[in-house]
Amino acid sequence: MLLHWFEPVTLVKLEETCVILSILSKRSWGNYRKSGNNISEVVSMEQKRRWHDLFWLGLFVIQLIGLGFALAILGLNRFKKKNRLDIDKYTYRFMENEAGLTEDYWPLYAVAGGVGTVLGWSWLLLLGSRAIQMMKVSVHILTTYLAVISVLCFWAQQFFWGVAFAIGAALQFLYIISVIDRLPFTMLVLQKAVKMVWNLPEVLRVAYAFMAVVLLWMALWSFGAAGVVASSMGDGGRWWLLVVLSVSLFWTGAVLCNTIHVIVSGTLVRVSIHGGSEGASIPTNSIMKSLQYALTTSFGSICYGSLFTAAIRTLRWEIRGIRSKIGNNECLLCCVDFLFHLVETLVRFFNKYAYVQIGVYGKSFNRSARDAWELFQSTGVEALVAYDCSGAVLLMGTILGGLITGTCSGVWAWMKWSDRAFMIGSTSMLMGMILVGVAMVVVESAVTSIYICYAEDPLLIQRWDNDFFNQISETLHQRLQHRSSRAREVLTHNHLDAHIPDNP
C-alpha cells in the first residue's frame with residue numbers, strides 16, 4: 001500500500017493551506033502585505049551594491065580572452081594561405097581531408113549572421129503590431145519545419161541528423177499537445193508584456209545595441225570556425241573543435257542575452273513602481289543605472305546563471321508536459337515524479353526570475369533565484385508561473401529563427417561542399433538562435449517583471465492595467481482551486497489505500 005504514514009490531520013492541514021492560498025489570490029490580497037516589505041520602499045533605498053560571483057566573472061573573462069586568441073589563430077592559419085602559422089605539424093596525425101582556405105567558408109557564416117540579424121531586427125520592429133501573430137506562427141510551424149528537415153537529412157543519408165530532428169519534431173508535437181489548454185493565458189501574458197516593452201522604446205534600443213555587440217563577436221567566432229572547417233583534420237577532429245567553440249559561443253550568447261534581461265527587467269520594475277511610462281516621477285537615468293549595475297557589480301551573477309538556467313528550464317518544460325499526460329500509470333508516474341522533484345530542486349537555485357531580483361536588488365545569483373522562488377511559493381504565484389508557457393513559446397520562436405538561419409547557410413554549403421554542409425549548417429543555426437534570442441529576451445524580461453511585481457505588490461499591476469490584473473487574479477484563483485482539488489483526491493485515495501488490508 002502507498003503512503004501508510006499519512007494521517008487524517010495531514011489532509012486537514014492541506015485544505016487549510018489551500019484555503020489560505022485561495023484567499024491570497026483575490027484582488028484584495030495585496031492589502032495584507034506589510035508596508036515595510038513593499039518593493040517600492042526597497043528599490044527607493046539607493047545603497048552601494050556589492051560585487052557577487054566574482055569567480056564566474058573571472059572564468060568568463062578568461063575563457064573569452066583565451067577563446068578570442070584561439071579563434072584568431074585558427075582563422076589566420078588558413079587565411080589566403082594554407083598553414084600560414086605552421087599549425088599542421090601538430091595535427092598531421094589527424095589529416096584526412098584536403099585543406100581549404102578560411103575565406104572559402106567565412107562568407108557562409110556571413111550569410112548566417114545577416115539572416116539572423118534580419119530576423120532579430122524584424123522581430124523588434126514588428127513587436128508592437130505583429131508580435132502575437134509571429135508567436136502563434138512559431139508555435140504551429142516549428143513541428144512541421146523540424147519534420148521536413150528530418151526528411152531532407154534522411155534523403156541526404158545523414159541518419160544521425162535525421163533522427164535528431166525527428167526526435168525534436170516528436171517532442172515539440174507532444175509538448176504542444178500537453179499544453180494546448182494553457183496557450184490562451186500564455187498569449188494574454190505575452191500580449192501584455194509586449195505592451196509594456198513597446199511603451200518604453202529605450203529598452204528596444206538596448207536590444208539593438210547588444211545585437212551589434214553580438215555581431216562583432218560572431219565575426220571573430222565565425223572567422224575561427226571557418227578556419228576549423230577549412231582544416232585538413234578528419235571529421236571527428238573538426239567536429240570536436242566545433243563543439244568546443246559552440247559551447248563557448250552558447251555561454252557568451254547566453255551572458256549577453258541575460259545581461260539584457262537584467263537591464264530591461266530592472267528598468268521595467270522601476271518604471272512600474274513610479275506609475276508606469278506616463279508617471280511623472282520616473283527617474284530619468286533608470287536605463288543607464290540598470291546598464292551600469294548589469295555590466296559591473298551584477299555581471300558575475302549573470303555569467304554564473306547563464307551556464308545552467310537554459311538547460312534546466314528546457315528540461316523542466318518537457319518533464320511538466322509529460323507528467324500532465326501520464327494518467328494512472330503508477331510506475332511511469334513514479335519515475336517521472338522523481339525527475340520532476342529533482343528538477344524542481346534545481347529550479348529553486350537556477351531560474352530566470354533571479355535576473356529580475358539581480359536587476360532590482362543587486363543580489364547574488366543563487367540568493368536571487370531562491371528568494372524569487374520562495375516569494376512565488378509563499379504568495380501562491382508559483383501556480384501561475386507553472387501554468388504559463390511564455391518562456392517555451394519564445395524559445396520556439398528562437399529555435400525557428402535558428403533553423404531558418406542554419407537552412408540558408410547549409411543549403412548554400414551543400415551546393416559547394418556537401419561533405420561540410422552539416423558542420424556549417426549546425427553552427428550557423430546556433431548563431432541564428434543567439435541573434436534572434438537577443439530580440440526575444442526583451443519580451444521575456446517583461447514577463448518575468450510582471451510576475452515579480454504581482455508577487456511583491458499586486459497593486460503595481462492593478463495600477464498599470466486593471467483589466468489584466470483582474471484576469472491574472474482570476475486565473476490564479478482557478479489554478480489554486482485546481483491544485484487543492486487534485487491534492488484532496490490524491491490524499492483521499494492514499495488514505496483509503498492505507499486502510500485496505502493486504503491480501504494474505
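Thr-143 counts as buried, at 18% relative accessibility. Buried here means under 20% relative accessible area, exposed means over 50%, and partly exposed falls in between (1.4 Å probe, protein chains only). The residue sits in helix H5. Leaving aside neighbours within four places in sequence, Thr-143 is in contact with Ala-169, Gln-172 and Phe-173. Contact means heavy atoms within 4.5 Å.

The model is predicted: local features need pLDDT of at least 70, side-chain atom pairs count only at pLDDT 80 or more, and totals for chains, interfaces and linings use all residues. Residues are numbered from 1 along each chain as its sequence is written, and side-chain values use heavy atoms, with hydrogens and water left out.

**Helix H5**

Helices are DSSP runs (H or I, at least four residues), numbered from the N terminus. H5 covers residues 131–155, which is 25 residues. H5 bends by about 40° at Ile-141. The bend is the angle between axes fitted to the seven residues ending there and the seven starting there.

Buried residues of H5 include Ala-131, Ile-132, Met-135, Ser-138, Val-139 and Leu-142. Also buried in H5 are Thr-143, Leu-146, Ile-149, Ser-150 and Cys-153. An α-helix has 3.6 residues a turn, so residues three or four places apart point the same way. The cover over the buried residues of H5 includes helices H4 (102–125), H6 (159–178), H7 (183–198), H16 (390–416) and H17 (421–456).

Just after H5 comes Gln-157, with a positive phi of about 65°. Gln-157 lies in the loop between H5 and H6. It is exposed, with a relative accessible area of 61%. Asp-53 also has a positive phi, near 50°, in a residue other than glycine. Asp-53 lies in the loop between helix H2 (39–44) and helix H3 (54–76).

**Nonpolar core**

A nonpolar core is a set of buried Ala, Val, Leu, Ile, Met, Phe, Trp, Tyr and Cys residues joined through side-chain atoms within 4.5 Å. The largest one holds 130 residues; Trp-123, Met-135, Leu-190, Trp-221, Phe-376, Val-443 and Tyr-451 touch the most other members. H17 gives this core its largest share, 24 residues. Not counting residues up to four places away in sequence, Leu-190 touches Ile-132, Met-135, Ser-390, Val-393, Leu-394, Val-443 and Val-447.

**Aromatic rings**

Rings of Phe, Tyr and Trp (its six-membered ring) pair if their centres lie within 6.5 Å; planes under 30 degrees apart count as stacked, over 60 as edge-to-face and the rest as tilted. The count comes to 23 aromatic pairs. Two of them are tabulated.

| Pair | Centre to centre | Angle between planes | Class |
|---|---|---|---|
| Trp-56 and Tyr-304 | 4.9 Å | 20° | stacked |
| Tyr-353 and Phe-376 | 5.0 Å | 90° | edge-to-face |

Trp-56 lies in helix H3 and Tyr-304 in helix H11 (residues 299–323), so this pair ties together parts 248 residues apart in sequence. Tyr-304 is buried, with a relative accessible area of 10%. Tyr-353 and Phe-376 are both buried. Ring pairs also link Phe-160, Trp-161, Phe-165, Trp-239, Trp-414 and Phe-422 into a cluster.

The rule needs NZ of Lys or CZ of Arg within 6 Å of the ring centre and within 35 degrees of the ring normal. Lys-195 lies over the face of Trp-464, at 5.4 Å from the ring centre. Lys-363 lies over the face of Tyr-361, at 4.7 Å from the ring centre.

Note on methods
Helix = DSSP H or I, 4+ residues; strand = E, 2+ residues; numbered from the N terminus. Expected span 1.5 Å × (residues − 1).
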